[in-house]
Amino acid sequence: MARRVEDAVFDALSSQTTRRVLAVLHRTPSTPSELADQTDTSVQNAMYHLDKLEDVGLVRVAETQYSSRGKEMRVYAPSEHPAVVFLGTDDRKSGLITKLKQLLGAIGVLGVLGVVAELVDT
């Protein structure tokens, strides 16, 4: 049976280190060694998590830089196609969802009123 994309994404994000790497990349594109420093892990471990994130399409190689010794280094950044994931019932998220529903409801009401006003004018 083929593995679903959602399952692969959740597997990749199951690690706290992977989530920290992704959070750092959302602040600033980084090389594996920069990520290792910022997430308090080894370069090898940072690469492991970058590979997981790249495999599921959450990060990409944004550019290539060269070290002072001329070594090629990949700079990773978040994917150009962001993913939004809501889990649990965190009050902040619930509040956001409620506000979005209210906003969308208000937009719907304004749309209906606009159509009614147009019909009345004709």
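Where is the place of Leu58? Leu58 sits in the loop between α4 and β1 (59-66). The model is predicted, so local features need pLDDT of at least 70, side-chain atom pairs count only at pLDDT 80 or more, and totals for chains, interfaces and linings use all residues. Residues are numbered from 1 along each chain as its sequence is written, and side-chain values use heavy atoms, with hydrogens and water left out.

Leu58 counts as buried, because its relative accessibility is 11%. Buried means under 20% relative accessible area, exposed means over 50%, and partly exposed lies in between (1.4 Å probe, protein chains only). The C-alpha atom of Leu58 is 9.9 Å from that of Leu13. Along the chain, Leu58 and Leu13 are 45 residues apart.

Now the chain as a whole. Its secondary structure comes to five helices and two strands. Helices (H or I, at least four residues) and strands (E, at least two) are DSSP runs, numbered from the N terminus. From the N terminus on, the order is α-α-α-α-β-β-α. The chain has 122 residues, and buried residues make up 25% of them. Take the contacts between residues at least 6 apart in sequence: 41% of these join residues at least 24 apart. Contact here means heavy atoms within 4.5 Å.

Start with helix α1 (residues 5-12). Its buried residues are Ala8, Val9 and Ala12. They lie on the same side of α1, because they cover an arc of only 100° around the axis. The arc is that of the directions from the helix axis to the C-beta atoms. An α-helix has 3.6 residues a turn, so residues three or four places apart point the same way. The cover over the buried residues of α1 includes α2 and α4.

Next come the helix pairs. Two packed helices are described by the angle between their axes and the distance between the axes. Axes are lines fitted to C-alpha atoms, for helices over the stretch in contact, and angles run from 0 to 180 degrees between N-to-C directions.

Helices α2 and α4 pack with their axes 9 Å apart, at an angle of about 80°. The two are therefore roughly perpendicular to each other. Angles of 65 to 115 degrees count as roughly perpendicular, under 35 as roughly parallel, over 145 as roughly antiparallel, and the rest as oblique. From α2, the contact takes Thr17, Thr18, Val21, Leu22 and Leu25; from α4, Asn45, His49, Leu50, Lys52 and Leu53. By class, this contact of α2 with α4 has five nonpolar, four polar and one charged residues. Ala, Val, Leu, Ile, Met, Phe, Trp, Tyr, Cys and Pro count as nonpolar, Asp, Glu, Lys and Arg as charged, and the others, Gly among them, as polar.

Look at Thr17 in this contact. Thr17 lies in helix α2. Its relative accessibility is 16%, so Thr17 counts as buried. Leaving aside neighbours within four places in sequence, Thr17 is in contact with Asn45 and His49. Asn45 belongs to helix α4. Asn45 counts as partly exposed, because its relative accessibility is 26%. Thr17 and Asn45 are 28 residues apart in sequence, yet 8.9 Å apart in space, C-alpha to C-alpha.

Helix α2 (residues 16-27) also meets α3. Their axes come within 10 Å and cross at roughly 115°. That makes α2 roughly perpendicular to α3. The crossing is right-handed. A crossing is right-handed if the near helix is turned clockwise from the far one by less than a right angle, and left-handed if anticlockwise. Arg20, Val21, Val24 and Leu25 in α2 meet Leu35, Gln38 and Thr39 in α3. The residues of this contact divide into four nonpolar, two polar and one charged.

Helix α3 (residues 32-39) and helix α4 (residues 43-55) form another pair. Their axes come within 8 Å and cross at roughly 105°. That makes α3 roughly perpendicular to α4. Pro32, Ser33, Leu35 and Ala36 of α3 make the contact with Val43, Ala46, Met47 and Leu50 of α4. By class, the contact has seven nonpolar, one polar and no charged residues.

Asp40 is found in the loop between α3 and α4. Its phi is near 55°, a positive value in a residue other than glycine. Asp40 is exposed, with a relative accessible area of 74%. Which distance separates the C-alpha atoms of Thr17 and Asp40? They are separated by 9.3 Å, with the two residues 23 apart along the chain.
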